[in-house]
Amino acid sequence: MVYSLAASTLTLAAPLGCDAAPAEGAEPGAAAPRRPSDVLVTGTDDEMLVLEVTAANKVVVRLPRVEVGQGVTTAVAMMIAEELDARLVDVDIPLADARTKGNQFTGGSSSVRSLYGPARKLAALARAKLVTAAARRWNLPARSLRTRNTKVIAPDGRSATFGSLTASAAGIRRPAVSSKPKPAVRHRVIGRPTTRIDARDIVTGKAKYAGDLAVAGAKPTVVARPPTLGGKLVSVDSRVARAMPGVHAVVKVAGGVAVVAESFHHAFKARDALRITWAPGPMVALSDTAIRSRLRAAVPRLGNPPRGSTQTEGEFEFAFVSHAPMEVLTAVADVRANGAEIWFSSQGPMGAREDIASAVGLPGAKVKVHVVRGGGSFGRRLNHDAAIEAALISKAARLPVKLMWSRADDIRHGRMRPASHHRIRASHARGRVVAFAHAMASVSESYEGQGLSAQGSAQGSALGPALGSALGSALGSAQGGVTPAVARAPGPLPSDSGLYNFGPLSGNSGSVELAIPLGAWRSVDSGTMRTAEEIVVDEVARSLGKDPVAFRRTTLRSKAVKAVLNKVADAGHWGRTLPTGQAQGVAVHEEYGSCVACLVEIDVTDPKNPRVTKVVMAADVGMAVNPRGLQAQLMGTAVDGISTVLQAGLHIDRGAVRESSYADFHYARQRHAPLRFEAHIMPSRREPGGAGELGVPAAAGAVANAYARATGSKPRRFPLNF
């Protein structure tokens, strides 16, 4: 149901997958007090998606999601422009502040899926009311009018902007024309490749990130952190630092010692002048070898294989991986005795507000969280450790602060994808797989030192079933039927029909408790589990003397997955002759109501520097709102697969993370990107599925399989250079 809000401009609201039902059965026009026409109306029911047509002929939708480079603002603007027949430049999609209820979660490839229905319904009703208002003004039949370019147009050529009609449209209870969204066959904006609405602002510097904000009095702040994970402050001599020019305050925080200064230059110099004694963290006795050994020991035993079957088995190790978003973590905080304001990029601002309030000793209602665009995330901004730290520093220093974590801070002390160990066995007889088992163990994400229990409870109450549904379905259609580590406790894993006709499927999981800060990394568990499984699928095909693509074609259950596989095989010329040291690899994945296939060509003539030369991907995500944005997402996942399979990972050396920057955390750079990249979007008119995380498992699996075929090896530890 869509509601009209009582305002002097046309303002409409729609429920948005909330936990609490919004004013069910409420009469239109009764939901909100009147407001001046020059004020953006955000609605009184926080869980609503609200659309306002302003007198300045702008269509404003304050988005309860965060833009972290994935293009969600462009996708929503396209939905609104489509149904309103508005120009895309007339649609503004600012980010909503943290709300008190509803679903404000960005993750699980859920944003477009959750917004597609409500956004289109809002815009369709707004159009119907605007047309009705114009019909009354001109005394013409409403059905004789049309809309285009943010105007209503009469048969005789007269036109009126939406802005000039908004006040009269606001009072219309029952429009004279249909308010149903358009059928897909009439789409003129949705489904068309579109340049991002914020592209120019990003490349010209107009787009504002947390570090760009000029909050009154906010002083640049950095933190001196321990050399080991979880290290504790024993003592600090700050006399030299306090006496340095531009230094405003030096305060102790849980993670170390903070320096508040006039500029980041002053802050870093003073930080380096601190004389600190640290106690080692709880991981000081552990390094990679011991961690891998513990994980291997924690993998549950696989059951007995079917009698008379032949086994194809493999054990796989995946390293810790940093999110490493291009924009380092930054948060602005102004904490006072009677309230607080925080500015930062957050995928879960409602939970963040509650955690910040608890940390600084204020009621949640006294803390205002402003959501700022983020320069990348990949799951990192699901956690709000930097914002909590900024708030605590502001409180202690009695100053507004702009806290920046350096790249080294985040890589060495921030969240990371957990390391994991996998044991997989495919049993085959008479030319087919008759059973498939996958057991694994990962580093647990539940240890209290991360503060995850507090964040988890707050986010859980805010998200309700959304988080569990989004993350819990991560391998809902994957063979082995395992659930993600984020929501998983050790024990039996539910079986599932699987991607392939592989007979009975089984799985189990274990975990290792380590004091390491972990977090959901793009594609959560699928990026490791499905990678390992797709390697085994290739090895089974080899054992049976079958071509990997032909084998998948005969065993895949889904027609849609077969279609994307066929697309990449055809477009990528699967099976073509390549020089010695080069090979192709392929993998598929299905998740979030979508599916994808990836074909990779790799050159390993220099064994120490394997180079992916070509990537061809095909995805079926239902209705692709912005195919150009989806192609960009797939390109990003291809780079993720190249990085985490070939060279990007974190080492733990005696309780410390060895890497500290892009110089030694070897994420793919331009010289590692494929020389040729293609992304094919399969046509569809069904509602959108998820896409943001979809491509990682297929890309990673295809890179690994291409490497195996080029080298004649069986890769087992990732990244390969570890």
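## Glu 534 in helix α13

Glu 534 is part of helix α13, which spans residues 526-543. The model described here is a predicted one. Glu 534 has a relative accessible area of 0%. Because the cut-off for a buried residue is under 20%, Glu 534 counts as buried.

Beyond the residues within four places of it in sequence, Glu 534 is in contact with Tyr 500, Arg 552, Ala 587, Val 588 and Asn 705. Of the elements treated below, strand β25 covers residues 582-591 and helix α17 covers residues 695-711.

## The chain as a whole

The protein chain contains 17 helices and 31 strands. It has 722 residues, of which 60% count as buried.

Among contacts in the protein chain with a separation of 6 or more, 76% are between residues 24 or more positions apart.

## The four-strand sheet

An open sheet is built from four strands in the order β25-β26-β27-β30, with mixed pairing. At its edges stand β25 (582-591) and β30 (676-681); each has a single partner strand, so one side of each has no neighbour in the sheet. Direction ignored, neighbouring strands of this sheet are turned against each other by 10° on average.

Strand β27 (residues 611-620) runs parallel to β30, and six bridges join the two. Ala 618 stands opposite His 680, a residue of β30.

Val 247 has Ala 261 in β12 as its bridge partner.

## Helix pairs

Two packed helices are described by the angle between their axes and the distance between the axes. For helix α16 (residues 627-646) and helix α17 (residues 695-711), the angle is about 45° and the axes are 8 Å apart. The two are therefore oblique to each other, and α16 passes α17 in a right-handed crossing. On the α16 side the contact involves Leu 634, Thr 637, Ala 638, Asp 640, Gly 641, Ile 642, Val 645 and Leu 646, which meet Gly 695, Val 696, Ala 699, Ala 700, Val 703 and Ala 704 of α17. By type, the residues of this contact are ten nonpolar, three polar and one charged.

Helix α2 (residues 111-138) and helix α3 (residues 162-170) cross at roughly 90°, and their axes come within 9 Å. Angles of 65 to 115 degrees count as roughly perpendicular, and α2 and α3 are therefore roughly perpendicular to each other. From α2, the contact uses Lys 129, Leu 130, Ala 133, Ala 134 and Arg 137; from α3, it uses Phe 162, Ser 164, Leu 165, Thr 166, Ser 168 and Ala 169. The residues of the contact of α2 with α3 comprise six nonpolar, three polar and two charged.

## Backbone details

Asn 149 is not a glycine, yet it has a positive phi of about 55°. Asn 149 sits in the loop between β6 (146-148) and β7 (151-153), and with a relative accessible area of 42% it is partly exposed. His 573, which is not a glycine either, has a positive phi of about 55°. His 573 is located in the loop between α15 (559-571) and β25; its relative accessibility is 49%, so it counts as partly exposed.

The peptide bond that joins Phe 718 and Pro 719 is cis, with omega about 0°. Pro 719 belongs to the segment after β31 (717-718).

How values were computed
Residues numbered from 1 in each chain as written. Predicted model: local features only at pLDDT ≥ 70, side-chain atom pairs only at ≥ 80, totals over all residues. Heavy atoms only, no water. Buried < 20%, exposed > 50% of the residue type's maximum accessible area, 1.4 Å probe, protein only. Contact = heavy atoms within 4.5 Å. Axes fitted to C-alpha atoms, helices over the stretch in contact; angles between N-to-C directions. Parallel < 35°, antiparallel > 145°, perpendicular 65-115°, else oblique. Left-handed = near helix turned anticlockwise from the far one by under 90°. Nonpolar A, V, L, I, M, F, W, Y, C, P; charged D, E, K, R; others polar. Pairing = 2+ DSSP bridges.
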